[in-house]
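The report below goes through selected helices, sheets and residues of one model. Please read it alongside the sequence and the coordinates.

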Amino acid sequence: MKVRFDHVSVALGGREVLRDVDIEVRPGRFLGLVGPNGSGKSTLLRTLYRAVVPSSGRVLLDELDVWRGNRRAVARTVAVMTQDTSTEFDLTVLEVVLLARVPFQRGFGRDTEADLDLAWTALERVGATDIADRPIGRLSGGQRQRVMLARALAADTPVLVLDEPTNHLDIAFQLELMRIATSLDRTIIAALHDLNLAATHCDDIAVLDSGRLVATGTPAEALTPRVVQDVFQVAVDQLTHPRTGHPVLVFDHPPQSRPEPSTHRGEIHA
Ligand SMILES: Nc1ncnc2c1ncn2[C@@H]1O[C@H](COP(=O)(O)OP(=O)(O)OP(=O)(O)O)[C@@H](O)[C@H]1O
């Protein structure tokens, strides 16, 4: 399914936080949305899952206008992984994952065998079957993130939204999450802070800066040292990965604020 942000602007608290953002994500592609804190990544994602209404422009899922179609149709099309589990504090992990099936049930429908299959398959995929009976409020941050991924997978929708999905995750599961994401035959949009993780796993990148789209394209086209330097205000060197040959970005303080190198390198003082 194609996702289109068609000249989207958003005003919040009387301030324009997104201005004329125009992005098309082709079916089955994995788009990484990057940009500094406060640049508008989460807000753009929220326009897609009907949490923030654009002040102008449209958000389209193929031909379905997200803000003109009904809420249920959107919920059946877009699954979201966010950090927010505050409303489900007392539910067990399995119950939280099964919430993904609600938009597909009639009235106060019960979970079907198919719903349970999807939930268990998703828990298995993220390595969380052993915690299925635990209350979500008593998990570590990383365990909770796995459950939120499982919930998004159990929705089995053609479009997946991941808002900072690797927060709290150890490096092994960060890579595993990206491997799961790239193996799915779905259109995926993820807000990511780790530029190298985004560059090695995403098909396309969109760079936001102060609510404006400033670069798009393949990782090599969008994440040039020049763009990263301008947008994030850091010094950047581009190296070549010794094994894969992929470009790797290495960051440093901007030249004017770079600290003096330590003269005690390698020493540990007890
Ligand atoms: N409910 C709100 N009311 C007013 N302003 C808001 C609201 N939510 C977000 N903003 C502002 O909108 C801007 C974009 O915020 P957003 O959360 O989309 O950025 P982000 O790129 O996801 O940031 P981060 O990387 O820090 O998560 C910020 O300036 C933020 O302060």
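In this predicted model, the axes of helix 5 and helix 6 come within 12 Å of one another and cross at roughly 5°. Since angles under 35 degrees count as roughly parallel, helix 5 is therefore roughly parallel to helix 6. Helix 5 contributes Arg146, Leu149 and Leu153 to this contact, and helix 6 contributes Phe173, Leu177 and Ile180. Sorted by class, the contact of helix 5 with helix 6 has five nonpolar residues, one charged residue and no polar ones.

Helix 5 itself covers residues 141-154, and because 14 residues at 1.5 Å a residue should span 20 Å, the 20 Å between its end C-alpha atoms agrees with expectation. The helix is mostly covered, with 10 of its 14 residues buried; among them are Gly142, Gln145, Met148 and Arg151, as well as Leu149 and Leu153. The cover over the buried residues of helix 5 includes, besides helix 6 (171-183), helix 3 (93-98) and helix 4 (113-125), together with strand 6 (78-81) and strand 7 (159-163). Just after helix 5, Asp156 takes a positive phi of about 55°.

Leaving aside neighbours within four places in sequence, Arg101 is in contact with Asp115, Leu118, Ala154, Ala155 and Asp156. Because its relative accessibility is 9%, Arg101 counts as buried.

An open sheet of six strands has the order 6-7-8-3-9-10 and mixed pairing. Strand 6 and strand 10 (212-217) stand at its edges with a single partner strand each, so one side of each is left without a neighbour in the sheet. From one strand to the next, the twist averages 15°. Within this sheet, strand 7 and strand 8 (residues 187-191) pair in the parallel sense over five bridges, and Thr187 of strand 8 is the bridge partner of Val159. Helix 1 (residues 41-48) packs on the sheet, where it touches strand 3 (30-34), strand 6, strand 7, strand 8 and strand 9 (204-209). Helix 9 (residues 225-232) also packs on the sheet, touching strand 9 and strand 10.

An open sheet of four strands has the order 2-1-4-5, with antiparallel pairing; its edge strands are strand 2 (15-25) and strand 5 (64-65), each of which pairs on one side only. Strand 4 (residues 56-61) and strand 5 pair in the antiparallel sense over two bridges, and Leu64 in strand 5 is the bridge partner of Leu61. Helix 1 lies across strand 1, strand 2 and strand 4.

| Helix 1 | Strand 7 | about 150° |

Strand 1 (residues 3-12) includes Ser9. Is Ser9 buried or exposed? At 7% relative accessibility, Ser9 counts as buried, because the cut-off for that class is under 20%. Apart from neighbours within four places in sequence, Ser9 is in contact with Glu16, Leu18, Arg19, Asp20, Pro54, Ser55 and Ser56. The C-alpha atoms of Ser9 and Ala215, which are 206 residues apart along the chain, are separated by 17 Å.

Terms used:
Residues are numbered from 1 along each chain as its sequence is written. This is a predicted model: local features need pLDDT of at least 70, side-chain atom pairs count only at pLDDT 80 or more; totals for chains, interfaces and linings use all residues. Side-chain values use heavy atoms; hydrogens and water are left out. The expected span of a helix is 1.5 Å times one less than its number of residues. Buried means under 20% relative accessible area, exposed over 50%, partly exposed in between (1.4 Å probe, protein chains only). Contact means heavy atoms within 4.5 Å. Axes are lines fitted to C-alpha atoms, for helices over the stretch in contact, and angles run from 0 to 180 degrees between N-to-C directions. Angles under 35 degrees count as roughly parallel, over 145 as roughly antiparallel, 65 to 115 as roughly perpendicular and the rest as oblique. Ala, Val, Leu, Ile, Met, Phe, Trp, Tyr, Cys and Pro count as nonpolar, Asp, Glu, Lys and Arg as charged, and the others, Gly among them, as polar. Two strands pair if DSSP finds at least two bridges between them.
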